[in-house]
Amino acid sequence: MSLLRIRNLSVDFATASGKFRAVDGVDQDVNTGEILAIVGESGSGKSVSMLAMMGLLPWTATVTADEMTFDGHDLLTISKRERRRVVGKDLAMIFQEPMSSLNPCFTVGWQIKETLRVHLGLSRKACHARAVELFEQVGIPDPERRLSAFPHQMSGGMNQRVMIAMAIACKPKLLIADEPTTALDVTIQAQILDLLTSLRDDNGMGLVLITHDMGVVAETAERVSVQYAGQKIEEQPVLPLFQSPHHPYTAALLDALPERATEKHLPTIPGMVPGQFDRPAGCLFSPRCKFANSKCKAEQPAPQGPDLGHARCFYPLNTDERIAS
Amino acid sequence: MLNYVLSRLLTFVPTFLGVTLISFAFIRVLPGDPIIVMAGERGVSQERYDQLAAQFGFDRPMYVQFWDYFTGVLQGDLGNSFVTKKPVWDEFFTLFPATLELSLCAMILAIILGLPAGVIAAVNRGKFFDRALMSTALVGYSMPIFWWALLLIIVFSGNLGWTPVSGRIDLLYYFPDPTGFMLIDSLASGQKGAFWSAIRHLILPTIVLGTIPLAVIARQTRSAMLEVLGEDYVRTARAKGMSPGRINSIHALRNALIPVITVIGLSVGTLLAGAILTETIFSWPGIGKWMVDSIFRRDYPVVQGGLLLIAVMVMIVNLTVDMLYGLINPKIRKR
């Protein structure tokens with residue numbers, strides 16, 4: 001059985017102008033020791049689905065699912081108290097902006113020790129020893145001194161390391177990294193990704209990497225789930241996805257990578273992600289898809305089988321017959 | 001931190017100069033003449049008037065008078081009251097403890113009730129408690145203070161007879177007052193019932209004086225908390241599995257305190273200077289009442305000296321507030 005299992009997850013936000021569906025019928029599985037990347041543009045619901053699973057959405061959100069289990073806990077029926085015992089301990093998350101994600105009023109040492117004290121009930125001395133150990137593990141030099149530093153006294157990269165140290169403090173079974181490198185510069189990005197991968201190797205935890213950077217996906221992930229406008233539109237292991245994407249959106253995303261460009265002008269995807277008011281009746285990608293026909297614009301496609309990457313498309317690309325023809 | 005304190009102290013210099021000048025000028029631009037006021041209805045002969053004017057130094061040019069006053073201030077001499085002939089300095093520090101005691105009690109009341117109320121309102125945003133509290137706060141903020149005081153006196157002193165109407169302590173009690181704080185002195189005197197009497201006298205003035213700061217603090221705490229609760233680090237705390245109580249009272253409140261401390265500091269300033277109405281209504285022998293009386297008597301040294309001392313007190317409070325910022329949020333210390 002997989003560590004995290006989500007079936008038909010939907011999230012609706014109550015807004016002043018009515019309901020907005022941010023996540024629409026998403027299935028997701030993560031196994032122990034696996035790296036899953038969730039890819040999509042801004043607003044594709046990739047963060048929201050994971051925040052919903054963690055129970056971190058504001059009260060305006062309504063979460064529904066057929067099934068949502070993590071490590072034997074049913075996250076749909078779990079009590080708030082019970083959830084707090086899992087979240088932060090076995091199920092941890094790091095965020096996009098390390099600078100604003102740490103509390104400016106407390107030292108980073110206090111913030112990491114708080115996790116240790118609340119979840120593991122360690123003594124003051126044991127907390128300190130473990131905090132030093134964690135800082136060493138995530139590559140923060142001079143941990144003893146850094147523990148008494150405030151977030152504003154450190155760089156963004158160092159703060160993200162602190163966030164990671166805090167997240168892995170209780171040896172979680174699953175770590176969700178929500179665009180962990182977006183706010184950092186490129187050299188630091190690579191270091192943070194290496195760190196996350198090596199932590200996965202050492203601790204054997206599952207890792208969900210939420211990103212919009214295909215480069216990060218190619219480097220780090222093992223399995224990729226592509227989301228568009230709240231729906232999961234394709235899922236494949238990383239190599240086949242890059243070699244033969246089945247959904248036109250995935251293909252268009254890959255074509256737009258500068259590394260893969262063959263022409264002088266970089267191909268782009270025309271149009272925008274549909275918002276609250278211009279949601280198409282049929283396939284959500286149909287207004288921007290160069291293959292779309294009248295059927296695509298009228299009916300919602302169901303996901304294809306696993307051999308076609310669960311692609312939500314009537315006419316998936318790179319099928320054997322297309323290659324043959 | 002020491003540099004920070006010194007640089008803040010340096011900004012006192014121009015403020016101090018300004019306040020000295022304004023307090024000197026303020027009372028002199030008011031119509032009226034202290035000699036005429038002192039003479040009362042009998043009037044005064046021109047000969048005697050000139051003699052008194054020469055005695056007080058009014059015959060000399062204004063800038064000379066100011067220079068005399070200013071050099072006196074620098075030497076710690078604020079002059080003597082025209083009316084009581086006692087040094088302004090002594091009078092101020094005889095009366096100031098009464099005002100300070102009342103202001104502190106009012107402030108403590110406002111903080112003890114206002115902070116938690118604001119936090120609870122923010123956490124229960126839009127619900128019944130929030131709405132009820134915020135409308136009550138608005139009423140408290142907009143209510144005329146004298147009317148509120150009279151209302152309380154009628155109900156609690158008049159109808160119910162629970163609290164005394166005025167003064168700091170029952171006339172039964174007499175004891176030395178080394179500190180000037182009635183609560184401390186009455187306790188130190190060891191007289192039976194004295195402390196209780198002092199408390200009973202404090203209750204109504206404290207409520208009246210504390211009402212506006214209470215409303216301001218509650219509203220400010222609520223809005224600061226609402227802002228902070230939307231911050232990323234609050235989400236991080238929740239992702240760490242911390243309980244809502246812990247998140248609200250530790251992670252969020254500490255950040256929300258910065259703007260709250262600002263209004264607390266401003267309120268302390270206005271309380272020290274502005275307890276006039278409350279002190280007058282409750283015959284509280286503090287500096288507010290003293291200043292009002294002195295303005296009516298055109299007692300130049302008292303008004304200019306009193307204003308200056310009040311301003312210095314407010315400046316000290318502001319400095320303390322600035323220090324507190326640094327203590328609460330280390331990020332500010334750096335700037």
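What percentage of the 335 residues of chain B count as buried? The share is 35%. The legends below describe close-up views of a predicted model.

**Figure 1. Overall build of chain B.** The secondary structure of chain B comprises 16 helices and zero strands. Its C-alpha trace spans about 85 × 55 × 40 Å along the principal axes. Of the contacts in chain B between residues at least 6 apart in sequence, 73% link residues at least 24 apart.

Figure 2. An unreviewed UniProt entry lists residues 9-30, 100-123, 135-156, 198-218, 256-282 and 302-328 of chain B under "transmembrane region". Two of these spans are described here. In residues 100-123 of chain B, the end C-alpha atoms lie 34 Å apart, and the span is 100% helix and 0% strand. In residues 302-328 of chain B, the end C-alpha atoms lie 38 Å apart, with 100% helix and 0% strand in the span.

**Figure 3. Loop of chain B around Ser283(B).** Ser283(B) sits in the loop between α13 (276-281) and α14 (287-296) of chain B. Its phi is positive, about 45 degrees, although Ser283(B) is not a glycine. Most residues other than glycine have a negative phi. Ser283(B) counts as exposed because 12 other C-beta atoms lie within 10 Å, and the cut-off for exposed is 12 or fewer.

**Figure 4. Overall build of chain A.** Chain A has 13 helices and 11 strands. Along the principal axes, the C-alpha trace of chain A spans about 70 × 45 × 40 Å. Among contacts in chain A with a separation of 6 or more, 63% are between residues 24 or more positions apart.

Figure 5. The annotation "domain: ABC transporter", from an unreviewed UniProt entry, covers residues 4-254 of chain A. The end C-alpha atoms of this span lie 28 Å apart. Its content is 40% helix and 27% strand.

**Figure 6. Six-stranded sheet of chain A.** The sheet is open, with mixed pairing and the strand order β7-β8-β9-β3-β10-β11 (chain A). At its edges are β7 (91-94) and β11 (231-237) of chain A, each pairing on one side only. From one strand to the next, the twist averages 15 degrees. Helix α1 (residues 46-54) of chain A packs on the sheet and touches β3 (35-39), β7, β8, β9 (206-211) and β10 (223-228) of chain A. The direction of α1(A) makes about 140 degrees with that of β9(A).

**Figure 7. Pairing of β7(A) with β8(A), and helix α7(A).** Strand β7(A) and strand β8 (residues 174-178) of chain A pair in the parallel sense over four bridges. Within this pair, Leu91(A) stands opposite Leu174(A) in β8(A). Helix α7 (residues 156-167) of chain A lies across β7 and β8 of chain A. This helix runs at about 175 degrees to β7(A).

**Figure 8. Loop of chain A around Ala229(A).** Ala229(A) occupies the loop between β10 and β11 of chain A. Its phi is near 50 degrees, a positive value in a residue other than glycine. Ala229(A) counts as buried because it has 22 C-beta neighbours inside 10 Å, where the cut-off for buried is 20 or more.

**Figure 9. Loop of chain A around Ala261(A).** Ala261(A) is located in the loop between α11 (248-255) and α12 (294-298) of chain A. With 12 other C-beta atoms within 10 Å, Ala261(A) is exposed. The C-alpha atoms of Ala261(A) and His247(A) are separated by 19 Å, and the two residues are 14 residues apart along the chain.

**Figure 10. Interface between chain A and chain B.** In this view, 22 residues of chain A contact 18 residues of chain B. Helices α2 (80-86), α3 (98-101) and α4 (108-120) of chain A each supply at least two residues of the side of chain A that touches chain B. The most comes from α4(A), with three residues. By class, this side of chain A has 11 nonpolar, seven polar and four charged residues.

Notes
Residues are numbered from 1 along each chain as its sequence is written. Chains are lettered from A and ligands numbered from 1 in the order in which they are written. This is a predicted model: local features need pLDDT of at least 70, side-chain atom pairs count only at pLDDT 80 or more; totals for chains, interfaces and linings use all residues. Two residues are in contact if their C-beta atoms, placed from the backbone, lie within 7 Å. Ala, Val, Leu, Ile, Met, Phe, Trp, Tyr, Cys and Pro count as nonpolar, Asp, Glu, Lys and Arg as charged, and the others, Gly among them, as polar. Two strands pair if DSSP finds at least two bridges between them. Axes are lines fitted to C-alpha atoms, for helices over the stretch in contact, and angles run from 0 to 180 degrees between N-to-C directions. UniProt positions are given in the numbering used here, feature names are shortened, and annotations may be inferred rather than shown by experiment.
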